[in-house]
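This briefing goes through one protein structure by topic. Please look over the sequence and the model before reading the points.

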Amino acid sequence: MAEVQRRPGRPLPPPPRGPPPQHAAKITVPRFEPVDREKTCPLLLRVFTKAGGHHTDGDFAVRGKEPKDEVQIYTWLDATLRELTDLVKEVAPEARRRDATLSFAFVYPDKRGRFVVREVGRTFSYPNPRRHDNGSKSLGELSFQWTTLSCTIVGGSGV
C-alpha cells in the first residue's frame, strides 16, 4: 500500500487592505441625526386619524377632497412616533384608551401618480416595557419625505 504524503499547507495570503467587500459588510441602518429645533424651521405634517383601519389610497386620490379628520402638526424630522402618539392623544379621545394601539402609515403618490398607504410603525397609547413598539423611531429613520401620515387607532373593545 502506498503511503500518502502530506504537503505542508500554504500560508494564508495577507488580509486585503481598504474597506471590506460590499457583500461582507454589515447592513446597518444609519441613526438619524437630531435636529436643532431652535434653529431649524419645522415642517407641516398632515395627520389623518381614523378608528378601526387606515384610510384607503382612494381617500386621497382627489386633491382637496382628503378625509376630514385631519390634524396638522408642526414638527421636525427627528420627531419620534411616541411624540406623534402623544400629540394625537390630545385631539383624538379614542387614542387615550388604555388598550389603544396606533398604527402609522405614510401616504404618498407612486411613480404612476396613484396614492400608496404604507404602514411604517405601531405604538401603544400607554407604553409598556413588556410590549415592544416602534415609538422610538423618528420620521427621518423611517425615510419620511414630506408626505402625509395616516394614523389608525385600534383598540381591544369595539373598534
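A residue counts as buried when its relative accessible area is under 20%, as exposed when it is over 50%, and as partly exposed in between. By that rule K137, at 37% relative accessibility, is partly exposed. The model is predicted, and the mean pLDDT of the protein chain is 80.

**Confidence**
- In the protein chain, 79% of the residues reach a pLDDT of 70 or more.
- Confidence is highest in helix α1 (residues 81-91), with a mean of 93.
- Strand β5 (residues 148-154) has the lowest confidence, with a mean of 72.

**Overall make-up**
- The protein chain contains one helix and five strands, and their order along the sequence is β-β-α-β-β-β.
- The chain has 159 residues, and 34% of them count as buried.
- Taking contacts between residues at least 6 apart in sequence, 68% join residues at least 24 apart.
- The accessible surface is about 11,600 Å², and carbon and sulfur atoms account for 54% of that area.

**Helix α1**
- The buried residues of α1 are L81, R82, L84, T85, V88 and K89.
- Viewed down the axis of α1, these buried residues fall within an arc of 155°, so they line one face of the helix.
- As background, an α-helix has 3.6 residues a turn, so residues three or four places apart point the same way.

- Two aromatic pairs turn up in a search of the whole structure.

**Charges over the ring of Y126**
- K89 lies over the face of Y126, 4.0 Å from the ring centre.
- K89 is also among the buried residues of α1.
- R98 has its charged end over the ring of Y126 too, at 4.1 Å from the centre.

**T80 and K137**
- T80 is located in the loop between β2 and α1, while K137 is in the loop between β4 and β5.
- The two residues are 57 residues apart along the chain, and their C-alpha atoms are separated by 5.3 Å.
- Is T80 buried or exposed? T80 counts as buried because its relative accessibility is 18%, and the cut-off for buried is under 20%.
- K137 counts as partly exposed because its 37% relative accessibility falls between the cut-offs of 20% and 50%.
- Which residues does T80 contact, leaving aside its neighbours within four places in sequence? They are G135, S136, K137 and S138.
- With neighbours within four places again left out, K137 is in contact with A79, T80, L81 and L142.

**S143**
- S143 is in the loop between β4 (115-124) and β5.
- Its phi is near 65°, a positive value in a residue other than glycine.
- S143 counts as partly exposed because its relative accessibility is 47%.

How values were computed: Residues are numbered from 1 along each chain as its sequence is written. This is a predicted model: local features need pLDDT of at least 70, side-chain atom pairs count only at pLDDT 80 or more; totals for chains, interfaces and linings use all residues. Side-chain values use heavy atoms; hydrogens and water are left out. pLDDT is the predictor's confidence in each residue, from 0 to 100. Helices (H or I, at least four residues) and strands (E, at least two) are DSSP runs, numbered from the N terminus. Buried means under 20% relative accessible area, exposed over 50%, partly exposed in between (1.4 Å probe, protein chains only). Contact means heavy atoms within 4.5 Å. Accessible areas come from the Shrake-Rupley method with a 1.4 Å probe; for residues, only the protein chains shown count as cover. The arc is that of the directions from the helix axis to the C-beta atoms. Rings of Phe, Tyr and Trp (its six-membered ring) pair if their centres lie within 6.5 Å; planes under 30 degrees apart count as stacked, over 60 as edge-to-face and the rest as tilted. A charge sits over a ring if NZ of Lys or CZ of Arg is within 6 Å of the ring centre and within 35 degrees of the ring normal.
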